[in-house]
Amino acid sequence: MLFRSVDKKQQADEQLPVAEKKFVPSLIGRTQDVANQTVVNNGFLLGNISNDYSDSIAEGLVISQSPEVNTSYEKDGKVNLVISQGKKIEQVTVPQLNEKTLDDAEEILDNIQLEIGEKTPVKTDAKPTKGNHSKNNKNNKNNNNKIFMQSAEAGTQIGRASCRERVFA
């Protein structure tokens with residue numbers, strides 16, 4: 001009887017199938033649909049999809065992927081994507097600006113990082129009435145440079161990027 005010597009490492013290598021590997025393509029900046037198709041066309045499976053805000057990548061586009069670009073990865077491996085929700089817009093409470101001067105309103109809005117929107121001057125006819133003499137006329141004149149209406153109601157929540165229209169008299 002003849003016995004043949006077989007190296008155990010060689011025998012183990014022959015029995016284990018070798019997983020085919022491919023390089024992961026770049027999906028960053030692509031739409032979710034295009035990224036999904038690219039994953040499948042390159043022999044991978046779609047993994048988890050999550051969403052996050054991005055200041056630099058528009059809503060609906062891929063922000064990041066796992067595994068990273070050009071990683072050697074097994075065929076049929078799962079590729080995870082993070083899709084942009086766009087910029088996160090912080091909500092702020094609209095302050096009461098009625099009866100404020102334009103300068104005061106601008107300062108209030110600057111303090112909460114908002115900008116005043118369109119300003120529309122409105123002429124009012126403040127005619128003196130009986131008992132309404134020069135002192136009261138002076139007060140009416142001062143009211144001509146104050147805000148009497150704002151388009152975003154005080155106390156409501158708006159996105160920090162929003163501008164509001166102000167009407168003053």
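Rings of Phe, Tyr and Trp (its six-membered ring) are taken as a pair if their centres lie within 6.5 Å, and the legends below apply this to a predicted model.

**View 1. The aromatic pair F44 and Y73.** The structure holds one aromatic pair. Its members are F44 and Y73, whose ring centres are 5.9 Å apart and whose planes meet at 35 degrees, so the pair is tilted, given that planes under 30 degrees apart would count as stacked and those over 60 as edge-to-face. The pair links distant parts of the chain, 29 residues apart, with F44 in the loop between α2 (32–41) and β2 (45–52) and Y73 in strand β4 (residues 72–74).

**View 2. Solvent accessibility of the two paired residues.** F44 has a relative accessible area of 3% and is therefore buried, whereas Y73, at 23% relative accessibility, counts as partly exposed, because the limit for a buried residue is under 20%.

**View 3. The nonpolar cores.** The largest nonpolar core is made up of 10 residues, namely V92, V94, L97, A105, L109, L114, I116, I147, A152 and I158.

**View 4. A nonpolar patch on the surface.** Three side chains, those of V122, F148 and M149, form a nonpolar surface patch that together has about 240 Å² of accessible area.

Definitions and conventions. Residues numbered from 1 in each chain as written. Predicted model: local features only at pLDDT ≥ 70, side-chain atom pairs only at ≥ 80, totals over all residues. Heavy atoms only, no water. Core = buried A, V, L, I, M, F, W, Y, C linked by side-chain atoms within 4.5 Å. Buried < 20%, exposed > 50% of the residue type's maximum accessible area, 1.4 Å probe, protein only. Helix = DSSP H or I, 4+ residues; strand = E, 2+ residues; numbered from the N terminus. Patch = residues over 30% accessible without salt bridge, like charges linked within 9 Å, V, L, I, M, F, W, Y side chains within 5 Å. Areas by Shrake-Rupley, 256 points an atom, 1.4 Å probe, with all protein chains shown as cover. Salt bridge = Lys/Arg side-chain N within 4 Å of Asp/Glu carboxyl O.
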